[in-house]
Amino acid sequence: MNAIAPQVSPVSVSALPSAAELDRALRDASPAEVIAAALKAVGRDKLALVSSFGTESATLLKVMADVDPSIPVIFLDTGWLFEETLAYRDMLIATLGLKDVRSIRPAEETLSREDPDRDLWFSDPDACCRIRKVEPLARALKPFDAWINGRKRFQGNARADIPVVEDDGARLKFNPFANVSREELEAIFVRAKLPRHPLAASGFLSVGCMPCTSRTAEGEDARAGRWRGRAKTECGIHTMKTS
């Protein structure tokens, strides 16, 4: 987990290795090795990590910080987040020594036009996610050639078969925790003495936006509390290419 990536210079997009080649090479690599490989492939200035600062986020951020705490971190501040999530973000920045966390908000013009009454989450949650998460992320990722996220196969649904590296339009998308188990996540929390999300102890096993997040009952899937009662299981940033 403490692998240190060599300092490398960014390369042009045309010189990037293919996602398939990287996925084959990194299929059994540790999360730290995957992040180090991402740095080597594109350079720090062209690599970003996207984090929700949710209940499991501290683990990926810890691994990244051990490799290079200066990798830019993109945080989507939707305007509907729990105050506890914002406080947790600030706590982890201080605890892990993160050097470049960028809080990205939706465009005010778009909110005024498409969600003036702030009830779009109820009438059309897909549209709400689009203007508050998908479009802001696409804008934030424009300077980058690759991005890192924290999805795991054990989360199921559309995540059950994710590769370690995939093509995301003009970018590479790295999933360093694809192979990680719940037990391994817990081991990272314990070993590094990481603080927990303030809502985790109250039964929130997966935390997103306040109107679309509920507690998870015993025996339910960890993401069962997201968009409860709807067929929706993803916000959209992982179901469409960002470029």
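Reader: How many salt bridges does a search of the whole structure find?

Author: The search finds 14. Keep in mind that this is a predicted model.

Reader: Which residue does E56 meet in a salt bridge?

Author: E56 meets K152, with 2.7 Å from N to O. E56 sits in the loop between β1 and α3, and K152 in the loop between β4 and β5, so the pair ties together parts 96 residues apart in sequence.

Reader: Is K152 buried or exposed?

Author: K152 is buried, at 5% relative accessible area. E56 also counts as buried, because its 18% relative accessibility falls under the 20% cut-off.

Reader: And what does R113 pair with?

Author: R113 forms a salt bridge with E109, where the closest N and O atoms are 3.9 Å apart. Both residues are exposed. They are four residues apart in helix α5, so about one helical turn separates them.

Reader: Changing topic. What is the strand order in the sheet?

Author: The order is β3-β2-β1-β4-β6-β5, in an open sheet with mixed pairing. The edge strands are β3 and β5, each pairing on one side only. From one strand to the next, the twist averages 30 degrees.

Reader: In which sense do β1 and β2 pair, parallel or antiparallel?

Author: Parallel, over two bridges. L49 stands opposite V73 in β2.

Reader: Which strands does helix α7 lie across?

Author: Helix α7 lies across β1, β2, β3 and β4, and runs at about 155 degrees to β2.

Note on methods: Residues are numbered from 1 along each chain as its sequence is written. This is a predicted model: local features need pLDDT of at least 70, side-chain atom pairs count only at pLDDT 80 or more; totals for chains, interfaces and linings use all residues. Side-chain values use heavy atoms; hydrogens and water are left out. Two strands pair if DSSP finds at least two bridges between them. Axes are lines fitted to C-alpha atoms, for helices over the stretch in contact, and angles run from 0 to 180 degrees between N-to-C directions. Contact means heavy atoms within 4.5 Å. A salt bridge is a side-chain nitrogen of Lys or Arg within 4 Å of a carboxyl oxygen of Asp or Glu. Buried means under 20% relative accessible area, exposed over 50%, partly exposed in between (1.4 Å probe, protein chains only).
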